[in-house]
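Me: I'm new to reading protein structures. Could you walk me through this one, feature by feature?

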Amino acid sequence: MSHFSLGGDPDDDRIRAFILARLAAERNGGMTSSASTATPLKHAFEARATDVKSPKSDINALILDYLTMEGYPNAAAKFSKEANVQPQQIDNLILDRQEIKQAILEGRIEAAITTLNEVDPEILDKDPQLHFALLRLQLVELIRQCNGGDINPALDFATKKLAPRAAMNVDFLKDLEKTMALLIFPHDNLAPELDTLLKSDLRQITATKVNEAILERQARRREAAIRQLVKMRAWAETSARSKKKDLPGSIDLGLYGEDNDYNENGHEPMITT
């Protein structure tokens, strides 16, 4: 059984909830709740939107694309079988991206960097910001391990790996100084800007950046189609409101399923296999 989670971006949470609901529906034979409730009066726009039914095949294609692009080949293979859709080709690059992403999410940054360099040694050489982000995350993991104990491994790593880069970049220097502050203050009483560094969101954000960098180097689409649709939908709403179109006060993104018990805090894992 493998797990993955999203964090940081509310749209990511909505996409994740949608994927959860669809996976559950497929495992239940495509059945959804038949419970009926009183239907409140809808805005004309909402009524029209409700009448638009996306073909199940299109929805399943979006889910399969998401699982493949995000680097979950096992989940993609299982979903394609359960939904009876043609699986996308699983090549070694997808497996490598999965390995790298999983290593980052588990805090094994050195292993992730090693595998990334084996996949394409030029990625980090040509992207100093991404390289610094990974090294900074590795420093965070070292600090997490030495909390209340020996801080020398973290100090040595910061001095040898990060300080030379920070000396040539003001933004890198600010990030390094903020990270080093974790060695000074107790981790159970940190300011919000420091506490954020120890949350899993930083791993997720960094893993996403690495995944996109690999795809870009391979001249492939950088993100799943459903992410592009979410951005397009947000742009369309903003554009419509700027032109004073008759819209409800707020429009739900429409990714939460009726039966989905997803917790909006976005921290529980998604079970994919």
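Me: Which helix is Phe79 found in?
Reply: Helices here are DSSP runs of H or I with at least four residues, strands are runs of E with at least two, and both are numbered from the N terminus. Phe79 sits in helix α4, residues 73-83. Keep in mind that this is a predicted model, where local features need pLDDT of at least 70 and side-chain atom pairs count only at pLDDT 80 or more, while totals for chains, interfaces and linings use all residues. Residues are numbered from 1 along each chain as its sequence is written, and side-chain values use heavy atoms, with hydrogens and water left out.

Me: Is Phe79 buried or exposed?
Reply: Buried means under 20% relative accessible area, exposed means over 50%, and partly exposed is in between (1.4 Å probe, protein chains only). Phe79 has 1% relative accessibility, so it counts as buried.

Me: How do I describe the way α8 and α9 pack?
Reply: Start with the axes, which are lines fitted to C-alpha atoms, for helices over the stretch in contact; angles between N-to-C directions run from 0 to 180 degrees. Under 35 degrees counts as roughly parallel, over 145 as roughly antiparallel, 65 to 115 as roughly perpendicular, and the rest as oblique. Helix α8 (residues 128-145) and helix α9 (residues 152-166) have axes that come within 10 Å and cross at roughly 165 degrees. That makes α8 roughly antiparallel to α9. Residues making the contact (heavy atoms within 4.5 Å) include Phe132 and Leu139 of α8 and Phe157 and Leu162 of α9.

Me: What classes of residue are in the contact of α8 with α9?
Reply: Ala, Val, Leu, Ile, Met, Phe, Trp, Tyr, Cys and Pro count as nonpolar, Asp, Glu, Lys and Arg as charged, and the others, Gly among them, as polar. This contact has 10 nonpolar, 2 polar and 3 charged residues.

Me: What about α6 and α8?
Reply: The axes of α6 (residues 109-119) and α8 come within 9 Å and cross at roughly 155 degrees, so α6 and α8 are roughly antiparallel as well. In this contact, Ile109, Glu110, Ile113 and Leu116 of α6 meet Leu134, Leu135, Leu137, Gln138 and Glu141 of α8.

Me: Is Glu110 buried or exposed?
Reply: Glu110 is exposed, with a relative accessible area of 56%. Its C-alpha atom is 8.5 Å from that of Leu135, 25 residues apart along the chain.

Me: How do I read a nonpolar core, and which residues have the most contacts in the largest one?
Reply: A nonpolar core is a set of buried Ala, Val, Leu, Ile, Met, Phe, Trp, Tyr and Cys residues joined through side-chain atoms within 4.5 Å. The largest has 38 residues, and Ile104, Leu116, Leu134, Leu139 and Val210 have the most contacts inside it. The largest share of this core, 8 residues, comes from α8. Apart from it lies another core of 16 residues, among them Ile19, Tyr66, Tyr72 and Leu215.

Me: Last one: what is the phi of Lys244?
Reply: Most residues other than glycine have a negative phi. Lys244 has a phi near 60 degrees, a positive value in a residue other than glycine. Lys244 is in the loop between α13 (225-242) and β2 (270-271), and at 73% relative accessibility it counts as exposed.
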